[in-house]
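Hi,

Here is the structure I promised to pass on.

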Amino acid sequence: MSLRDLQPAPVSHDSEDVRPFIVPVFIPHAGCPHRCVYCNQAAVAGCAETLPGPAAFRNQVTAFLKFCGRRRGRAQIAFFGGNFLGMAEASIRQLLAEAAGFVRTGDVQGIRFSTRPDTVSRRTLDILSGFPVQTVELGAQSMDPEVLRRSRRGHTPEATVSAVGLLADRGYEVGLQIMAGLPGDDEHRLMETGRRIAELAPDFIRIYPTVVLAGSPLEKWYRQGMYLPLALDAAVDLVRRLYGLFRAHSIPVIRMGLQATDDLVDGAVLAGPWHPAFGHLVLCAAFLTAACRALKEGGGPGLELLLKVHPRSVSRMRGMHNASCELLKRDFGFRQVDVVPDPALAEDEIAVQSGRVMKVW
């Protein structure tokens, strides 16, 4: 079998819960033409700024597959942390060829990578021809030209629009990454970014709150008082609104917040809305907002409140350390708030004690 025989397998988008098993390979800053103000990929990925050689690559992937066993569905080798299509063509082909070897043996089903929108062109996509690439993630970050300029992204919103179109034309699964709290951003600009991203109809979204990483250009701005990051509660609320926007357009959000690597936990984040369970905080905030709305619209009298949710949503309704229940007690005068599982409800529904069922998003 040759590389030309390894065509991308169809990718299903039927369910938000059907996600590929990811075998991560980090290539920090590889192919990046410059440093964006918020970026220190070595800190995020927890590894050095070097490309893995063939032997190191095979050992890394093999070890990861053995560690995670065989209990997995569709699997992809994923190149993260760099600007994949910005690398030299020889490096792109070398990494893809190494990854394709694992597709050939059936250990994984495809390849995915992240890249900048302005590196997607007919020429760079031609390099991928014959390799089993299934998914491409674009670091859009914002659709506001001023925010992109202040963040030193070096590309325009139009580059993102063009890249999505080129990738879709060739049948790739397309994901977009956006950030909340970038320099020059505000609530209006962020929500407009969300609306413009939704219009592009990507297959999935990642949302990252901007944090100040040690060693990033943003660290200098922060220490000089030139940049003030979002507070955690403000970031959670903004991302909650974005999440609801994408839900309304049936676009899955597959991650909210940075992955909790050892380096981040050990102090690489100097300031900003960092939390190891940021995504869970967002979901808790969404359920709390929906419950408050239901009660204000007439959720039923009494000193005790009973809320029913799907079993997988119980922790989201209770909040971190039962915080949402305590807040409902305080703000609405309940003596007791109970959250009980009800498998008859959808995961995004709440039933208040009056019997009314309402959607969270």
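Let's start inside a sheet: L305 stands opposite V337, a residue of β11. Before going further, bear in mind that this is a predicted model.

How many bridges join β10 to β11? There are 6, and the two strands run parallel. They belong to an open sheet of 4 strands with mixed pairing, and the order is β11-β10-β12-β13. At the edges stand β11 and β13 (357-359), each with a single partner strand, so one side of each has no neighbour in the sheet. From one strand to the next, the twist averages 25°.

Two helices pack on this sheet. Helix α11 (residues 278-296) touches β10, β12 and β13, and its direction makes about 135° with that of β13. Helix α13 (residues 323-332) touches β10 and β11, with its direction at about 140° to that of β11.

**Around R356**

R356 lies in the loop between β12 and β13. Is R356 buried, partly exposed or exposed? With a relative accessible area of 34%, R356 is partly exposed.

Which residues does R356 touch, once its neighbours within four places in sequence are left aside? The contacts are A294, E297, I350 and A351. With E297 there is a polar contact from side chain to side chain, at 2.9 Å. As for A294, its C-alpha atom is 8.4 Å from that of R356, although the two residues are 62 apart along the chain.

**Salt bridges**

On to the charged pairs. Searching the whole structure gives 22 salt bridges, and here are some of them.

One pairs R170 with D126, whose side chains meet at 2.9 Å, N to O. This pair links distant parts of the chain, 44 residues apart: R170 sits in the loop between α6 (157-169) and β5 (173-180), while D126 is in helix α4 (residues 122-127). R170 is partly exposed at a relative accessible area of 35%, and D126 is also partly exposed, at 44%.

Another is the salt bridge between R206 and E137, where the closest N and O atoms are 2.7 Å apart. Strand β6 (residues 204-209) holds R206 and strand β4 (residues 133-141) holds E137, so the pair ties together parts that lie 69 residues apart in sequence. Are these two residues buried or exposed? Both R206 and E137 are buried.

Then there is E347 with R312, a salt bridge whose closest N and O atoms are 2.8 Å apart. Here the link is between two loops, 35 residues apart: E347 is in the one between β11 (336-341) and β12 (349-351), and R312 is in the one between β10 (304-309) and α12 (314-318). E347 is partly exposed, with a relative accessible area of 24%. R312 has a relative accessibility of 53%, and it counts as exposed because the cut-off for that is over 50%.

Salt bridges also form a network, which links R247, D348, E349 and K359.

A couple of residues other than glycine have a positive phi. For Q141, phi is near 70°. Q141 is found in strand β4 and is buried, with a relative accessible area of 6%.

The other one to look up is N322, where phi is near 65°. N322 is in the loop between α12 and α13, and is partly exposed at a relative accessible area of 26%.

Lastly, the scores. The protein chain averages a pLDDT of 89, and 88% of the residues score at least 70. Where does the pLDDT fall below 50? That happens over residues 1-17, a stretch that has 31 contacts in the model beyond near neighbours in sequence.

If you'd like a place to begin, open the sheet with the order β11-β10-β12-β13, then move to R356 in the loop between β12 and β13.

Cheers

Key. Residues numbered from 1 in each chain as written. Predicted model: local features only at pLDDT ≥ 70, side-chain atom pairs only at ≥ 80, totals over all residues. Heavy atoms only, no water. Salt bridge = Lys/Arg side-chain N within 4 Å of Asp/Glu carboxyl O. Buried < 20%, exposed > 50% of the residue type's maximum accessible area, 1.4 Å probe, protein only. Pairing = 2+ DSSP bridges. Axes fitted to C-alpha atoms, helices over the stretch in contact; angles between N-to-C directions. Contact = heavy atoms within 4.5 Å. Polar contact = N/O pair within 3.5 Å; in protein donor to acceptor, adjacent residues only side chain to side chain. pLDDT = per-residue confidence, 0-100.
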